[in-house]
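Welcome! Have a look at the model below, and then we will walk through some of its helices together.

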Amino acid sequence: MTERLLNALRAERERLSLTQADLAERVGVSRKTINTIENLVFSPSALLALKIARNLDKRVEDLFWISGED
Amino acid sequence: MQSVVAERAERLSKHRAIAAIIMGAILAATQTQRMDASGAGPLTWIITGVVVAIFLLWASGLFRNTALRGILNDEGSDVSRRRSLMIGFWNMLATAVVCYILTYVKDYGPRDAIQIIMSVGICSALISFGVAERVSARQ
């Protein structure tokens, strides 16, 4: 079975009432990068995942997890 | 609210994606047209090369400030770029195989084969990059 990196990015972002553009700016990437991560089009690097988690006041493992491990 | 830099990056990113698709399509159309003629001469290749090089430099944000360039070439764009390069590479290989097989049924020189292989590679890489970027921007 192929493992996938899932995330709760959209839910957490909406919890903080942030738009994709707001989060993108905080992290220093484009809005489309946040969009593609939320839509599971691509998996972010560890560096970007840590930056996103920090900006959403979450631990990275609470925000990202491997499919089948939840 | 988005900052001016983020807004500009968003706008430039859209323009870059559209420009890549248009440029790929124009290149494909002009190269296809030349197949019927005597093939592309050195001057044509120089002009094509310069146009593509200028586009790539503009698209990489080389003439923009560091912050804008950073957003334009972020991880998402890097993934699209790597994918499109891979698509271009595999298409070139596949076209080379087709060109090899065609030598058994049609007479054509190495110059024609190189023109076909390069055109397919460059055009498919440009178009796939543009499409990937457009799809990524869709919510």
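## Two helices in chain A

In helix 2 of chain A, A:Leu23, A:Arg26 and A:Val27 meet A:Lys51, A:Ile52 and A:Asn55 of helix 4 of chain A. Here, residues are in contact if their C-beta atoms, placed from the backbone, lie within 7 Å. Helices are DSSP runs of H or I with at least four residues, numbered from the N terminus. Sorted by class, this contact has three nonpolar, one polar and two charged residues. Nonpolar covers Ala, Val, Leu, Ile, Met, Phe, Trp, Tyr, Cys and Pro; charged covers Asp, Glu, Lys and Arg; the others, Gly among them, are polar.

The axes of helix 2 (residues 20-27) and helix 4 (residues 46-55) of chain A come within 9 Å and cross at roughly 115°. Axes are lines fitted to C-alpha atoms over the stretch in contact, with angles from 0 to 180 degrees between N-to-C directions. This crossing is right-handed, a term used when the near helix is turned clockwise from the far one by less than a right angle.

## About the model

This is a predicted model, in which local features need pLDDT of at least 70 and side-chain atom pairs count only at pLDDT 80 or more, while totals for chains, interfaces and linings use all residues. Residues are numbered from 1 along each chain as its sequence is written, with chains lettered from A and ligands numbered from 1 in the order in which they are written.

## Helix 4 of chain B

How far apart are the end C-alpha atoms of helix 4 of chain B? They are 40 Å apart, which agrees with the 40 Å that its 28 residues should span at 1.5 Å a residue; the expected span is 1.5 Å times one less than the number of residues. Its buried residues are B:Gly76, B:Ser77, B:Ser80, B:Ser84 and B:Gly88. Buried means 20 or more other C-beta atoms within 10 Å of a residue's own, exposed 12 or fewer, and partly exposed in between. B:Leu93, also in this helix, is partly exposed because it has 13 C-beta neighbours inside 10 Å.

Helix 4 and helix 5 of chain B pack at an angle of about 150°, with their axes 8 Å apart. They are therefore roughly antiparallel to each other, as angles over 145 degrees count.

## Where the chains meet

The contact between the chains takes 16 residues from chain B and 16 residues from chain A. On the chain B side, these divide into five nonpolar, eight polar and three charged.

Key: Parallel < 35°, antiparallel > 145°, perpendicular 65-115°, else oblique.
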